[in-house]
Amino acid sequence: MSTLGHIYATQDAAAARRNMLLGVKLGILSEIMLFGALFAAYFVIRSESGGWPPHGQERPELILPGLNTLLLVSSSVTMQWAVRAIGRGQLATMRLALRLTLLLGSTFIVIQGYEFATNGFGLTDGTFGSTFYTLTGFHGAHVLAGLGLMAIVAIRARRGLVSAEHHTMVEAASYYWHFVDAVWVALFSTLYVL
Amino acid sequence: MSILKPGLLRAVLGAAAGVLIGAGGLTLARGSGMDIRDGQILALGYLLALLGFVVGIGAFRFWLPWAIGRPVDTTAEHAAHGTAGDWRRYFRFTTDHKVIGVQYLVSAFLLFLTAGTFAMLMRYELAQPGLVLGKEGYNTVMSTHGAMMITVALISIIGGLGNFLVPIMIGTRDMAFPKTNALSYWLLPLPILLVAINPLLGGFDTGWTAYPPLSQQANLGQQAYLMAFVTVGISSILSAINFLVTVFRMRAPGMSLMRMPIFVWSLTVTATLALVATSVVAGAFTMLLFDRVLGTSFFRPSRGGDVILFQHLFWFYSHPAVYIMGLPGLGAILEVVPVFARKPLFAYPLAVLSFITIGVLSFMVWAHHMFVSGMAEFFHIPIMLTTELISVPTGIVFLSALGTIWMGKLHFKTPMLWVFGFIWAFLIGGITGVYLADVPTDITLSDTYFVVAHFHYTIVGGTIYGLFAGSYYWFPKITGRMYSERLGKLHFWWFTLAFNATFLPMFWLGIEGMRRRVADYPPEFAGLNLWVSIAAFNIFLSVAVFVFNMIWSWARGPRAAANPWRAQTLEWRCSSPPPVENFEDIPTVTDTPYQYGTPGTAAAEGGAAS
């Protein structure tokens, strides 16, 4: 079949880019509903308990998670910096911004791991432990996935495969990263603060 | 052939390796004194087996090199699209949407037969009062029948007919993400296998709804079902994204949204529902799995959890899921009607609007499954009203079919017979739904055979009648052969009579108070139950006629012309079966595809069969 190449040739880069970005947005919509279910469970269980946290449990201190919030919000800024740089063809700047984002995101995970280890309560400690670790754990898994995406972008950029013309992946990763960031802000304000 | 080549053999080996590492590793760890539960062994074994299977089939062989910046082997990528006439492509990670469509369709029918066999076992138990399979055995048979049939209804039309036809009907060469499309299909075999073998893991008792606390305490078979359901959900989300991007970004020139075939419209709404709703139930089932496997207490009332919460989350997906099952059937019916009535589709824009309205409303009615659950009282009346409201757009879809038939020049070919069967069955399903939407009657009828009858009239009447109508209608396009009209009509009449003989008496049984999901019943119901069982066996036999017709006609049937029905949607402009790339050149669409009754009109130009 000599004509097989048609499929790939006719799907020109611009169309492929639009398809990919729409696909990512739709995927994020589905993820919003997933976190919606988790948040719904949290609020229902919390509203039915006679006081939160129940049974004299203590919420974690705000210092580390507060620092984590700062880290993640700044990482959204550096991510957007990367998108802007590659749009203007500044490959070196993009790689710097991407590395910064990776560093901020990884620090977030390390701090969260430390927090989990020192919290003094576990997944099996009643509804408080269940909701706390399930929600933050799901979010943490998403952070890891986002870091994986960025690592892929970084590797491909190093091989010169990312350019002003071909940077759909950077944009896609940035959509996802902003979403993960927004979920964290919601988590931080409901699980830790309010 | 090397066993390291991507393919079924490597996939099976990969799955076996996953079980060995996951389940074996944890068993060893338990042997050395660690506190590990059976459920954790099953969970890790299954997860790694799924990974091993998908890697083994070759799902990641293009993505992985791409991710680490290696040059992508484009020759191999084109080869993964499959060669026309090569039967082996149906057993591989093939990216051609037509191959994937056939894979889905054949798998769905195999699953349909398996689930049907479980239904026959149920009717065998229920043919007379007393116990044959035993209570636990009956529960497992009933639950497995439900779980499998739900999967059939979820994947058969959109996965099978939809994958095969949507890209052709909107005039493009493939789906937006062919590799993801193939991944969606190859995620399915393992969970389906897991549900099929759940009796070996002790079976499960809850039915497909998996309500806690029973589902927290039940056997490992229960956990198998939960994990399988989440996997099918992930596959369904990936497939929904693919459909939506394809439909919104890849239509042929001139194919405006309001010129899309109604079948494509119904699948678009279906995919939107699947995209938005599925992750909610995936979340709910994950929390339930965490309760079982990791010791959380989301749904454990003894530790502050809430069982009603599970029902809310479950039905928030599972009521839209009824429309995920039903809308593709309605779409297939509306696609068939104009062709065999030789009239334009009646009220096409209103039918489109109705599909969208059904989609929106379906998110506001879920709690009508929970009138007897003990949920908040104030919720009853609003939910009752929205539930009754949804019959308005559904009625408009119905009227669109009736209005097209009215004064039409009817051709009673097999697909059209299924349309009439649909109208009868879905009408009964719809009318009896009113009694279940109304709070007072629902409280009386809840958990009786009235519900069973209503459900089967809507889902068999909507989905399965649509599936059969569509399967006969598109059989020439998919296989390039004509089916046997005589066997098709025999199938229709036998199936329809047996189906009605089975489920109409169940309304009566339900009103008389026979409870559903129970293996035994009082002796006064014996006569009707024997009748129902005999009728049910007839459904199974009639499906055997269908299976024979499909297999025999696919092998030996007369060759089909490109457009045997003189239909106007784009798929009939391709040869039967369509060539690998569907169109030699992409057609230009000039009108809706329902320009029947006016000689010399056509809805599109170009795109001739190659």
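**Two chains in a predicted model**

Me: How many Å separate the centres of domain 1 of chain B and domain 2 of chain B, taken over C-alpha atoms?
Reply: The domain assignment of chain B, whose bounds come from an automatic or database domain assignment, gives domain 1 as residues 1–79 and domain 2 as residues 95–605. When the centres of domain 1 and domain 2 of chain B are taken over C-alpha atoms, the distance that separates them is 31 Å.

Me: What kind of model is this, and what pLDDT do local features need?
Reply: Residues are numbered from 1 along each chain as its sequence is written, while chains are lettered from A and ligands numbered from 1 in the order in which they are written. This is a predicted model, in which totals for chains, interfaces and linings use all residues, side-chain atom pairs count only at pLDDT 80 or more, and local features need a pLDDT of at least 70.

Me: What is the mean pLDDT of chain A, and where does pLDDT stay under 50?
Reply: The term pLDDT stands for the predictor's confidence in each residue, from 0 to 100. Chain A has a mean pLDDT of 91, with 94% of its residues reaching 70 or more. Where pLDDT is low, the predicted coordinates should not be read in detail. In chain A, the stretch where pLDDT stays under 50 is residues 1–10.

Me: What is the mean pLDDT of chain B?
Reply: The model as a whole scores ipTM 0.93 and pTM 0.94. In chain B, 98% of the residues reach a pLDDT of 70 or more, and the mean pLDDT of chain B is 93.

Me: Which helix gives the most to the side of domain 1 of chain B that touches domain 2 of chain B?
Reply: Two residues are in contact if their C-beta atoms, placed from the backbone, lie within 7 Å, and by this rule 14 residues of domain 1 of chain B are in contact with 14 residues of domain 2 of chain B. By class, this side of domain 1 has 11 nonpolar, two polar and one charged residues, where Ala, Val, Leu, Ile, Met, Phe, Trp, Tyr, Cys and Pro count as nonpolar, Asp, Glu, Lys and Arg as charged, and the others, Gly among them, as polar. The helix that gives the most to this side of domain 1 of chain B, with 11 residues, is α2 (residues 38–57).

Me: Which element gives the most to the side of chain B that touches chain A?
Reply: Between the two chains, 38 residues of chain B are in contact with 39 residues of chain A. α10 (220–249), α11 (262–293) and α12 (307–341) of chain B each supply at least two residues of the side that touches chain A. By class, this side of chain B has 21 nonpolar, 11 polar and six charged residues. The element that gives the most to this side, with nine residues, is α11(B).

Me: How many helices and strands are there in chain A?
Reply: Helices (H or I, at least four residues) and strands (E, at least two) are DSSP runs, numbered from the N terminus. Along its principal axes, the C-alpha trace of chain A spans about 70 × 35 × 25 Å. Read along the sequence, chain A follows the pattern α-α-α-α-α-α, and the count is six helices and zero strands.

Me: Why are α3(A) and α6(A) described as roughly antiparallel?
Reply: Axes are lines fitted to C-alpha atoms, for helices over the stretch in contact, and angles run from 0 to 180 degrees between N-to-C directions. Angles under 35 degrees count as roughly parallel, over 145 as roughly antiparallel, 65 to 115 as roughly perpendicular and the rest as oblique. Helix α3 (residues 63–87) and helix α6 (residues 168–193) of chain A have axes 10 Å apart and pack at about 160°. α3(A) and α6(A) are therefore roughly antiparallel.

Me: In which crossing does α3(A) pass α6(A), left-handed or right-handed?
Reply: A crossing is left-handed if the near helix is turned anticlockwise from the far one by less than a right angle, and right-handed if clockwise. The residues of α3(A) that meet α6(A) include A:Leu72 and A:Met79, and those of α6(A) include A:Trp177 and A:Phe188. The crossing in which α3(A) passes α6(A) is left-handed.

Me: Where is B:Pro213 placed in chain B?
Reply: The peptide bond from B:Pro212 to B:Pro213 is cis, with omega near 5°. The place of B:Pro213 is in the loop between α8 (189–196) and α9 (214–217).
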